[in-house]
Amino acid sequence: MSSMASMFAFFLFLFFLSYLWISRRVQKSDSRRKFPPEASSAWPLIGHLHLLGGSQPPHITLGNMADKYGPIFTIWLGVHRTLVVSSWEIVKECFTTNDKAFANRPKALALELLGYNYAMFGFSPYGPYWRQVRKMAVLQVLSNHRLEMLKHIREAEVNDSIKAIFELLGKKNMVFVEMERWFGYTTLNMVSRMVVGKKFGGTTTKDENEGNDKCRKALRDFFDLTGTYMVSDALPYLKWLDIGGYEKAMKKTAKELDQMVGEWLEEHKQRKLFGGMKEHHDFMDILLSTFTDEDKISSYDADTIIKATCLALILAATDTTTVTLIWALSLLLNNRSDLGFNIPVKSNKSSAKTSSQQRRGTHSTQYKLFSHKHS
Ligand code: HEM
């Protein structure tokens, strides 16, 4: 009887092994069928990272790979399999018919430390929290109705910024204007007034109080740090080393930003409590009366949701718009003859690029503006 039992156990074990083997084979052929081609030359552990870190810019390396493997292929960024798409038809397919599969965002240390552990909805995973917060932002800030209602803020900020240049010109006859700063403050003031009812410093001079420049620097650092490729995101087992000291820098910037937005939140709460606020002044007021700790839309508390959402909007609007405007201005100034008229400005391009300029690929865009005295 015992030999019968061992025979049975042996066959059961054989059956189990063959089941494992077959299911592995099926999985493998399944994955071969589903996955696009994988670029060769991957190294163990780091994957294709060694190909992207050399002197050749990554887009050239990826372009050469696309010539070899076609418009859709995969590479390994450390432990992460990554899809590389270089045809608009496939991109369209990704973001239309397959949009749900691409609705999620990759995880990264910067988004955890600087993005309130993914409470900033631009970094949140696809799900009910992201849907609800996004809906609030669209309805209360970005809808046509709200944009029309808040038109006066945008107009006032553009007027103020132009007036600042005009006043300088009146005094000096000729001024240098750092256009990145001018666009940066104009955009920041516009969006921060819409979101938290705050205005930062002026656009043309650097003599504002220290606080404004500190805030703007923290916002700048946020972008530089979220745009930095962290070794530990590709190779999580190296996180403890904090190569480059970025984790430390992220924690410092996160603290500064949280302090800044925390003060705004406190002011809003006080106003709500003591000011007998009859109507909502800004988006933070609306969020304050919408989110409470009682309605559990996620594991985040109400303060975190409000701080993260307001900061997300300010950050998402400022750098993107500033960089786009800088590029537009650079292109216009570099093609002045195509415009059919000659603007008397001189570029004062500095040869050294700042780190943010390096990331954006732009030079310092400082232009000398001359006032025209009509004779
Ligand atoms: C030229 C200017 C802009 C550019 C090029 C730009 C670009 C983008 C891109 C590419 C994304 C997608 C990011 C992703 O899903 O991973 C995005 C998302 C976002 N943008 Fe912009 N943006 C601009 C201006 C603005 C402005 C003015 C605002 C707000 C006032 C804004 C708010 C947002 C928000 C909140 C998200 C996240 C949306 C979500 O998670 O569903 N952006 N932007």
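**Confidence and overall make-up**

Analyst: The mean pLDDT of the chain is 82, and 78% of its residues reach 70 or more. This is a predicted model, and every value below is computed from it.

User: Among contacts between residues at least 6 apart in sequence, what share joins residues at least 24 apart?

Analyst: The chain holds 16 helices and five strands, and of its 375 residues, 23% are buried. Among contacts between residues at least 6 apart in sequence, the share that joins residues at least 24 apart is 62%.

User: Which helix gives the most residues to the shell around the ligand?

Analyst: The shell has 13 residues, of which Gly 122, Ala 316, Ala 317, Thr 320 and Thr 324 come nearest to the ligand. Helix H6 (128-142) and helix H14 (302-334) each supply at least two residues of this shell. With seven residues, the helix that gives the most is H14.

User: Is helix H9 enclosed or in the open?

Analyst: Helix H9 covers residues 179-196, and its 18 residues should span 26 Å at 1.5 Å a residue, which agrees with the 25 Å between its end C-alpha atoms. Just after H9, Gly 197 takes a positive phi of about 65°. Because 17 of the 18 residues of H9 are buried, the helix is largely enclosed by the rest of the structure.

User: How many of the twelve residues of H3 are buried?

Analyst: Helix H3 runs over residues 58-69 and reaches 16 Å from its first C-alpha to its last, close to the 16 Å expected at 1.5 Å a residue. Just after H3, Gly 70 has a positive phi of about 100°. The helix lies largely in the open, because the number of its twelve residues that are buried is one.

User: In what sense do strands S1 and S2 pair, and over how many bridges?

Analyst: S1 and S2 form a hairpin with two residues between them, and Gly 78 in the turn has a positive phi of about 60°. Across the pair, Ile 75 stands opposite Thr 82 in S2, while Thr 74 has Leu 83 as its bridge partner in S2. Strand S1 (residues 72-77) and strand S2 (residues 80-85) pair in the antiparallel sense, and the number of bridges is six.

User: Is Tyr 116 buried or exposed?

Analyst: Tyr 116 sits in the loop between helix H5 (109-113) and H6, and its phi, near 50°, is a positive value in a residue other than glycine. A residue needs 20 or more other C-beta atoms within 10 Å to count as buried. Since Tyr 116 has 23 C-beta neighbours inside 10 Å, it counts as buried.

User: How far apart are the C-alpha atoms of Asp 301 and Ala 119?

Analyst: Asp 301 has its place in the loop between helix H13 (283-290) and H14, and with 14 other C-beta atoms within 10 Å it is partly exposed. Asp 301 and Ala 119 are 182 residues apart along the chain, and the separation of their C-alpha atoms is 9.9 Å.

User: What separates the C-alpha atoms of Glu 155 and Met 190?

Analyst: Glu 155 is found in helix H8 (residues 151-172) and counts as exposed, with 11 C-beta neighbours inside 10 Å. Glu 155 and Met 190 are 35 residues apart along the chain, and their C-alpha atoms are separated by 8.8 Å.

Terms used:
Residues numbered from 1 in each chain as written. Predicted model: local features only at pLDDT ≥ 70, side-chain atom pairs only at ≥ 80, totals over all residues. Near = placed C-beta within 6 Å. Helix = DSSP H or I, 4+ residues; strand = E, 2+ residues; numbered from the N terminus. Expected span 1.5 Å × (residues − 1). Contact = placed C-beta atoms within 7 Å. pLDDT = per-residue confidence, 0-100. Pairing = 2+ DSSP bridges.
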